[in-house]
Amino acid sequence: MAILETTSRIQVTVANQTGQAARDRLELRESLLRSPREIPSRFFYDDHGSWLFERICELPEYYQTRTEHSLLRDIADRVAAISGADELVEIGSGAATKTRTLLDALARAGRLRLYVPVDVAQGTVRRVAEELAGEYPELAIHGLVADFNADLGTLPDGFHGGQAAARARAWFGTAAAAGYSVARSQPESGGGHRLVIFLGGTIGNLQPAEAHAFLVRRHREMAAGDHFLLGVDLVKPVARLEAAYNDAAGITAAFNRNILRNVNRLAGGDFDPLEFSHRAFYDPANRWIEMRLRSSARRRVELPQIELAFELAPGDEIRTEISVKYDRAAAEALLAGAGFEPVDWFTDAEELFGLCLARKG
């Protein structure tokens, strides 16, 4: 674990950098040997991929981000009041644009103490930490560069003085051996609680069994009285769903092809992104969108750093993402199955997107 930057209010930490590269290569090799071949969707998010995704969120076809953002503005004060939180942990934080609505609500409640953005893109985490430190003078930020399914180990001592820092060290000092851990001790008597958020419908990128395991880990790591806010994209007409992943400007296609550049860097590969076309479609049986890359040429792919080579024919496809769509019953059942108690449900007037607030009892 390496500390990249420490100021009076900012710390950015890279978790398990060396070991993570080895795990990434192993996971990539196993995924490309499946049928259909797959590339894990988290490999989208180098700094350029994160920038492209920010552009996607601004597209007219991509209703998810603006709908969720508007919904968060409407409910932020209620979520702050119900959770009683003074510590906000965001898994898959990205640019943290929507997160500011919750930070503002905690500030209005007089409980803005600590924000922990967790993301795989190092440049994005550092940029967001600096931006938020400027916007919120009372806020301590501890950014973590990590895959949220990886073991973060323990954080070093010496980060920020004060109550928020002590709590941060306590959470991560009790990190679990498996999975990304935000574990901490029980709040001090009279102290606040933590709100963990997983927004953007990102839970949909996980297969159902993976989503269950992810939430079980989060439940295990949290203290009694902590809350979890889950964002889910809702089932809707197919045309609306597919348009969101096939924008006219081609930004999603560029985002999809960029994953091959990341694979090349990781595995010493020779994928040519220009030889692949973007394809996204809805699978009604699984209630998910699939994104794939379709080969336009016959070629042999060499990936020497993962000891893998294979042939692709024109029309062969590699799956790069699924995005499961939920309804209220499915979202609440998923949380309850992991041990959470759903306490409130929020959606927009068109029922495009949902937010479920749950509590660890």
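# Briefing: sheet, helices, salt bridges and backbone

The model is a predicted one, and the structure holds 30 salt bridges. The points below take up the sheet, the helices, the charged pairs and some backbone details in turn.

- Strand β3 runs parallel to strand β13 (residues 317–324), and two bridges join the two strands.
- A cis peptide bond, with omega about 0°, joins Ser35 and Pro36, and Pro36 lies in the loop between α1 (17–32) and β3.

**Helices**

- Helix α9 has 17 residues and reaches 25 Å from its first C-alpha to its last, which is close to the 24 Å expected at 1.5 Å a residue.
- Of the 17 residues of α9, 12 are buried, so this helix is largely enclosed by the rest of the structure; among the buried residues are Phe255, Ile259, Leu260, Val263 and Leu266, as well as Asn256, Asn258, Asn262 and Asn264.
- Just after α9, Gly268 takes a positive phi of about 60°.
- Helix α3 (residues 63–83) packs with helix α4 (residues 99–108) at an angle of about 25°, their axes being 8 Å apart; because angles under 35 degrees count as roughly parallel, α3 is described as roughly parallel to α4, and the crossing of α3 and α4 is right-handed.

- Side chains of opposite charge can pair when their charged atoms come close.
- Arg194 forms a salt bridge with Asp226, with the closest N and O atoms 3.1 Å apart; Arg194 lies in strand β7 (residues 193–198) and Asp226 in the loop between α7 (208–221) and β8 (227–233), so the pair ties together parts that are 32 residues apart in sequence.
- Both Arg194 and Asp226 are buried.
- Glu275 forms a salt bridge with Arg299, with the closest N and O atoms 3.5 Å apart; Glu275 lies in the loop between α9 (251–267) and β9 (276–283) and Arg299 in strand β11 (residues 299–303), so this pair ties together parts that are 24 residues apart in sequence.
- Glu275 is partly exposed, with a relative accessible area of 21%, whereas Arg299 is buried, with a relative accessible area of 18%, the cut-off for buried being under 20%.
- Arg328 forms a salt bridge with Glu332, with the closest N and O atoms 3.0 Å apart; both residues lie in helix α10 (residues 328–337), four residues apart, which is about one turn of the helix.
- Arg328 is partly exposed, with a relative accessible area of 44%.

**Backbone details in loops**

- Most residues other than glycine have a negative phi, and most peptide bonds are trans.
- Ala96 has a positive phi, near 60°, and lies in the loop between β4 (85–91) and α4, where Ala96 is buried, with a relative accessible area of 2%.
- Arg287, although it is not a glycine, has a positive phi of about 55°; Arg287 is found in the loop between β9 and β10 (288–295) and counts as partly exposed at 30% relative accessibility.

Key:
Residues numbered from 1 in each chain as written. Predicted model: local features only at pLDDT ≥ 70, side-chain atom pairs only at ≥ 80, totals over all residues. Heavy atoms only, no water. Salt bridge = Lys/Arg side-chain N within 4 Å of Asp/Glu carboxyl O. Buried < 20%, exposed > 50% of the residue type's maximum accessible area, 1.4 Å probe, protein only. Expected span 1.5 Å × (residues − 1). Pairing = 2+ DSSP bridges. Axes fitted to C-alpha atoms, helices over the stretch in contact; angles between N-to-C directions. Parallel < 35°, antiparallel > 145°, perpendicular 65-115°, else oblique. Left-handed = near helix turned anticlockwise from the far one by under 90°.
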